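Open the structure in your viewer and get ready to select residues. Each stop tells you what to pick and what is there.

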There are 2 protein chains.
Amino acid sequence: MPRDTFHKLKEEKRELITNAFLREFAIKTYDEASITQVVKELGIAKGSMYQYFDDKLDLFMYLIEECSKVKMQYTLHVSREDYPDYWEYFHALFLEGLKFDANHPLQSHFLHNLTQNLNSPSVKEQFDQLQKQVVEAFTAMVKYEVGIGKFRDDVDLDVLGFMLYKLGTGVQEHLEYHNIINPQQSIETRTPVYQGKKKELIATLNHYIALARSAFDKQ
Amino acid sequence: MPRDTFHKLKEEKRELITNAFLREFAIKTYDEASITQVVKELGIAKGSMYQYFDDKLDLFMYLIEECSKVKMQYTLHVSREDYPDYWEYFHALFLEGLKFDANHPLQSHFLHNLTQNLNSPSVKEQFDQLQKQVVEAFTAMVKYEVGIGKFRDDVDLDVLGFMLYKLGTGVQEHLEYHNIINPQQSIETRTPVYQGKKKELIATLNHYIALARSAFDKQ
DNA sequence: CATCAATATGACTATATGGTCACAAATGTA
DNA sequence: TACATTTGTGACCATATAGTCATATTGATG
């Protein structure tokens, strides 16, 4: 948690600082990211940062929380009940992700880099915790779908849940792997990751959904 | 590539060195792994290491290569033609992996840690290259199965390939996530990762295969 | 204006490590 | 034994950064 001092800052300065660090952590590993550098860039003293945050990890967690909040505003709009089918819901979630990316590129960049970022041993614990939350959310969804007879019931729920989680991250990784999106480059050019790639994303997403339907749906 | 000096070493010493570093890289990130420490442990001079290898990366790549060779000896036994069905072949590959793990725990540990290991920016390039090889291998398999009419042909080959790749890594990650296996602990106790967990592995594997059959097979 | 608390500052410390290099030891050769 | 070549050695250097702290600055308050 940031200290009071940070919250008391003028909004402008607070955002300047937040954004500068978002940028740093968006292109570097947690361990690589240098407070010294960013602070120099910002023209503020390093000591000040330690008046705002307990330490590097505190700062990092704050950034995660802020970005998550912003993204939530988008995904919480989408509600399962509005869709007759889980996969249309799943699809809709991705579209919200697109909006988020377009409107908040910096936050999107940061979150894109998070996976790699979090492999640093220094934040492994935090990563495991986050991952657990996400997997559990997916497992809960699966459970619901099985319950209402939409998903198959002959496969372990945990397997379905974990696979659904992997499916979510898989689409993005697929697009990165095939150079359709390039988060690193997008960060440099400060453009949304999916700018001009909406069609490609949706096409790939639909392919994955086609596979997933066969795998998950009760036949 | 290790220097000649290294190859000329007595086999015993060569293995002592190799094993010590396998252990180090099995429990730490590439960046975290400390040559200084291992060398101290081994009781040899740091300078000697630089007579054996160009640098840290050279050493690391050597370890990858050695372990891969050993594992290959197992997986190359399995041939697609001996199975009527891709998934039985897939299953058989995992069983060979089990044998490898049981007979070469150290190498298995190292390879298990490789994924996390390779997220260090210092070796990102190497990781991408390795990943590319693996994904391409899977994509080739998929292409073959589609060709002989076993796999569906209405989904992009790249999607099938990438998903199959994810499936391979997914089973292991699933077991780790659910604490069925614990590579870190296994390294400490120097026991094979899957020791006493064969049944669990196979059960989970079969669940994933059940899903995959529905997803990939031509109906 | 004077006083006190909250902030800002940046030189400095502690800490590690990859890699080098001049020199020592060992091994081979004749 | 005398010489040459290959190996082994470990003190040393360059490098970088998270975090600290005594001090200076600012701002509010009466």
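Predicted model: local features only at pLDDT ≥ 70, side-chain atom pairs only at ≥ 80, totals over all residues.

Residues are numbered from 1 along each chain as its sequence is written, chains are lettered from A and ligands numbered from 1 in the order written, and side-chain values use heavy atoms, leaving out hydrogens and water.

**Stop 1: two helices.** Select residues 86-103 of chain B, helix α6, and residues 157-177 of chain B, helix α9. Helices here are DSSP runs (H or I, at least four residues), numbered from the N terminus. The two axes come within 12 Å and cross at roughly 40°. Axes are lines fitted to C-alpha atoms over the stretch in contact, with angles from 0 to 180 degrees between N-to-C directions. Now show B:Y86, B:W87, B:F90 and B:F94 in α6(B). They meet B:L164, B:L167, B:G168 and B:V171 in α9(B), where contact means heavy atoms within 4.5 Å.

**Stop 2: one helix.** Select residues 105-117 of chain B, helix α7. Of its 13 residues, 10 are buried (under 20% relative accessible area; exposed is over 50%, partly exposed in between, with a 1.4 Å probe and protein chains only). Among the buried ones are B:F110 and B:L114.

**Stop 3: two loop residues.** Go to A:N179, in the loop between α9 and α10 of chain A. Its phi is positive, about 55°, although it is not a glycine. A:N179 is exposed, at 64%. Next pick A:R190, in the loop between α10 and α11 of chain A. Phi of A:R190 is near 55°, and A:R190 is exposed at 55% relative accessible area.

Note on methods:
Expected span 1.5 Å × (residues − 1).
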